[in-house]
Amino acid sequence: VRGTMIIRKVLVANRGEIALRIMRTCRKLGLSTVAVFSEADKDSLHVRTADEAVYLGPSPPRDSYLNIEAILSAALATKSDAIHPGYGFLSENETFASRCLEAGLIWIGPSPNTIAKMGSKIEAKKLLEREPYSGQIPLIPGYQGSDQTIPTLLSEAKKIGFPLLIKASAGGGGKGMKIVREEREIQENIESARREALQAFNDSKVLLEKYFSEVKHVEIQIIGDSHCNHVHLFERDCSVQRRHQKVVEETPSCFLDDDLRNRMGKAAILIAKAIDYVNAGTVEFIVDRNKNFYFLEVNTRLQVEHPITEAITGFDIVELQIKIAMGASLHSLGLVQDRIPRNGHAIECRLYAEDATTDQFLPSTGTILEWIPAPLPNVRYDSGIDSGSRVSIYYDPILCKIVAHGSDRSHAISLLQKSLRDTLVLGSVTTNQRFLLQVLSHPIFIQGDYLTNFLDLHMPTEFRSQAEKFSEENVLNLCIATFLSDWYVRDKQRPLWKHVRSRFTNMPDRSFDHVTLEHKDGVYKIEYQTVKDGDKSNIGNFIVRVLGSEIPVQLDLIKEFQETPNFIRTTFLFTIDRIKRTARAYIDCADQRFYVFCSGIGAILLKKKSRFKTTTSAVEESGLNGIYKAYMAGKVVKIAVQPGDLVKSGDVLLIMESMKMETKINSSKDGVVGEIYVKEGAVVQEGEPLLMIRD
């Protein structure tokens, strides 16, 4: 039994949104905080927020956030009392937990022994197969043996049958997880899963499981103290997933009735008691349509989606973690099972830097130029970014968790939809913001009758690509807002010519001038005419022709204007056919890119087309002229061909890794491998040539 220990300073061994979330509770408790950071994160928000910050090393995780020696050295140098690992990285590494304790530090999490038993999916299943637990917890058929040789894994896979699932033993979050539908795919996917697992968790071991396609993914939040007490804080439904990683989570689950909820809660507590679980953790299950549930794993850490549990119960789980680490009992913290409240309904969605219109939800890198969360009641933003943040290739693409707490499910959905419509994210980073709105508006989701195959079944790539496009009315609003921001900037820059039309006077008189805007979905020509006898209280009055419509438009009020040599930022009020809106524009002066946001509509990237012909060298599409280019920034982890090799359409040419996820570059035609421009281990930028395939 732990005695009472004092924590005054906490080192957070993590980054991004979870580091900031932990620091927020530390401040609430009056505790000092220490951040750690890599080269890529040296200017990050979590570094600027902490009381102290220590550099760990280069950007790759193995050199920084997975570097145990560097983290322990930082903790001792700053005289920290405790370490909170957050989630991911070293949070489920028993060696790290042991080393912290050996160094005299308080570990805010379960014991190293518990992590060893349950942090490894392989060891967790072995434990529950033994007496006295055998038969009490339903397990998924599979292989979790210690023999990790390829022949053994191939043999066991055939015994399990197809489809099957390869999973990283040490991790979560979809890293190192692959569905295998045919025997010929096994070896390739095992190798890929191992590489991802080693990169993310420093452990390449995998296990094999029978794959269930039509199930619910439901987890139970457990809390244990060092006095042998355990409770659960109800369930979380995590069935909206892409790449085996959760996207939207909610509590309570629409699928569970009170009887099933009670049985799953008891099963989770049984597992917690079996391993003498101390601190916060999560027991994950799958549930079939007949409401049979099967054990998946125990996450021996704080879960990404813990805020929705906090919303309905009123408990700060990080605060519970810290106080339990200091020896507090559940009773002293107000945690008695039949008295734990469950109020309303909470839903969380994960805002990712990724392109939801691609098959694999490809991650996106770049700069967040503007980040302004919509201020709404009962909506919480756990964010790791601010305006100016850089999104790199090295880490998970999560930008923010948006949590809505409503009186009931429909209220929570409405709040979350409103938040996504009104939250401003501008920049060169593509996000899944509009995709999340699609999910929350889908009839199947609204009914609550969705399973883990929801996205594949109801929102395939073609559907997402079409749904991502703005309606004609919204395109009209965004184009006009872009034109107004451009007109205002040009008007300010020619004070001597304010009453002269923008074209040269020796050209034939025309009633309409124009601006041409380019977007990935098309080119829009905005024709406009200044109305000289319009309302003098407005900055500008126009008749605008766009998309076949002729509309009265007013630029009413400039709320903000900032100009630098590199960019121009403006916020303004405008009126289209008597309807007023607020818009915010960020103009990149170097290439005339306009990042424009309209409240209630969303954001768009438009490029102003020059009036004059220019000679440009456009970036070729990958595969054009036989040259294959990187369509995202990332690291080349494997080159599967050599110069002179014959390849067929669909063959894998090389594998890239970005944000811990692997993506294959496949040949689009039959041919012969020519020059290869990169080497394994090279970090490349989007558009950089990789190799050539000759006819």
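A: In this predicted model, five strands form an open sheet in the order β3-β2-β1-β4-β5, with parallel pairing. The edges belong to β3 (52-57) and β5 (106-107). Each has a single partner strand, so one side of each is left without a neighbour in the sheet.

Look next at β1 (residues 9-12) and β2 (residues 32-38). Four bridges pair these two strands in the parallel sense. At one of the bridges, Val12 has Ala35 in β2 as its partner. Helix α1 (residues 16-28) lies across this sheet's β1, β2 and β4 (82-84). The helix runs at about 175 degrees to β1.

A second open sheet has four strands. Their order is β6-β9-β7-β8, and the pairing is antiparallel. Here β6 (142-143) and β8 (178-180) are the edge strands, each pairing on one side only. Strand β7 (residues 164-168) runs antiparallel to β8, and three bridges join them. Leu164 stands opposite Val180 in β8. Helix α6 (residues 121-129) packs on this sheet and touches β7 and β9 (206-210). The direction of α6 makes about 55 degrees with that of β9.

Helices also meet each other. The axes of α13 (residues 433-441) and α16 (residues 461-468) come within 10 Å and cross at roughly 110 degrees. Angles of 65 to 115 degrees count as roughly perpendicular, so α13 is roughly perpendicular to α16. From α13, the contact uses Arg434, Phe435 and Gln438. From α16 come Phe463, Arg464, Ala467 and Glu468. By class, this contact has three nonpolar, one polar and three charged residues.

Terms used. Residues numbered from 1 in each chain as written. Predicted model: local features only at pLDDT ≥ 70, side-chain atom pairs only at ≥ 80, totals over all residues. Heavy atoms only, no water. Axes fitted to C-alpha atoms, helices over the stretch in contact; angles between N-to-C directions. Parallel < 35°, antiparallel > 145°, perpendicular 65-115°, else oblique. Contact = heavy atoms within 4.5 Å. Nonpolar A, V, L, I, M, F, W, Y, C, P; charged D, E, K, R; others polar. Pairing = 2+ DSSP bridges.
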